[in-house]
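Let's take a walk through this model, one piece at a time. Have the sequence and the 3D view open as you read.

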Amino acid sequence: MITISAFQWVPDFAQGQVRDLRARWALEEAGIPYRTRLLSQGDQDKPEYRALQPFGQVPILEENGFALFESGAIVLHIGERSETLLPKDPAARARATQWVIAALNSIEPFLMDVARIDLFYADQEWAKQRRPGAVAFAKRRLDGLSKSLSDKPYLDGNRFTAGDLLMSSVLRILNNTDIVNSDARLADYVARCTARPAFKRALDAQIADFRRAAA
Ligand SMILES: N[C@@H](CCC(=O)N[C@@H](CS)C(=O)NCC(=O)O)C(=O)O
């Protein structure tokens with residue numbers, strides 16, 4: 001059975017955001033059962049875990065001696081077993097992959113610039129000065145994304161793919177600001193993606209693991 005690594009506990013602001021959610025969501029979309037390997041404080045720095053994830057992060061996927069890190073790689077790997085995530089048609093499949101990489105490479109770093117300031121450095125002078133520029137840059141990228149989405153339900157048209165799973169996961173990073181939500185098209189898009197039963201099951205499972213660990 002597939003095992004996904006996740007943290008046993010994270011602060012409230014990170015619950016529902018930790019990146020194992022992306023792997024869980026993909027597995028739920030694919031209808032593949034999985035279990036979790038919950039890391040306690042410090043487990044991620046142990047040599048055995050670092051051998052599987054060089055940066056000590058979650059998630060990793062393990063199955064029958066095979067291990068994979070990077071949430072994008074994990075979602076694409078699971079997508080090999082799910083036409084919902086990766087369509088069979090080669091052109092549609094390439095476009096789904098394109099949106100996975102766009103989410104992780106062209107959008108996530110810029111939303112993370114803002115999130116990092118807000119979550120970890122909000123009180124520092126340099127962060128106050130940097131934030132408006134970081135927000136402006138993020139908004140430029142979001143504007144491009146919104147125009148490309150246009151009035152389509154999903155990035156490639158009528159069909160949800162792995163690209164939407166990653167893009168909506170990335171857009172949720174700024175849930176606590178109006179930076180994404182002030183664009184009605186993007187707000188509706190995230191709501192549409194996360195209304196999927198597979199997302200809800202994945203989110204409930206992540207939260208349930210935190211609750212079990214806290215009990
Ligand atoms: N690019 C990685 C990022 C993974 C990542 O940032 N994971 C966070 C949790 S959401 C983590 O493990 N943070 C602990 C750390 O970086 O030390 C991926 O998408 O898998």
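This is a predicted model: local features need pLDDT of at least 70, side-chain atom pairs count only at pLDDT 80 or more; totals for chains, interfaces and linings use all residues.

## Helix H1, wrapped up

Start with H1 (20-30): 11 of its 11 residues are buried, so the helix is largely enclosed by the rest of the structure. "Buried" here means that 20 or more other C-beta atoms lie within 10 Å of a residue's own; exposed means 12 or fewer, partly exposed is in between, and C-beta atoms are placed from the backbone. Helices (H or I, at least four residues) and strands (E, at least two) are DSSP runs, numbered from the N terminus.

Residues are numbered from 1 along each chain as its sequence is written.

What covers H1? Just after H1, Gly 31 takes a positive phi of about 70 degrees.

Leaving aside neighbours within four places in sequence, Ala 26 is in contact (C-beta atoms, placed from the backbone, within 7 Å) with Ile 74, Val 75, Ile 78, Gly 79, Leu 85, Ala 162 and Leu 165.

Ala 26 also belongs to the largest nonpolar core, which has 52 residues; it is among the six that touch the most other members, along with Val 75, Val 100, Ala 103, Ala 162 and Leu 166. Helix H4 (residues 90-121) gives the most to this core, with 10 residues. Domain 1 (2-84 + 198-214) and domain 2 (90-196) both contribute residues, so the core lies between them. A nonpolar core is a set of buried Ala, Val, Leu, Ile, Met, Phe, Trp, Tyr and Cys residues joined through C-beta atoms within 7 Å, and the domain bounds come from an automatic or database domain assignment.

## Helix H8, two-faced

In H8, Phe 199, Ala 202, Gln 206, Asp 209 and Phe 210 are buried. They cover an arc of only 95 degrees around the axis, which puts them on the same side of H8; the arc is that of the directions from the helix axis to the C-beta atoms. These buried residues pack against S1 (2-7), H1, S2 (34-39) and helix H7 (184-194).

Turned away from that side are the exposed residues Pro 197, Ala 208, Arg 211 and Arg 212.

Definitions and conventions. Two residues are in contact if their C-beta atoms, placed from the backbone, lie within 7 Å.
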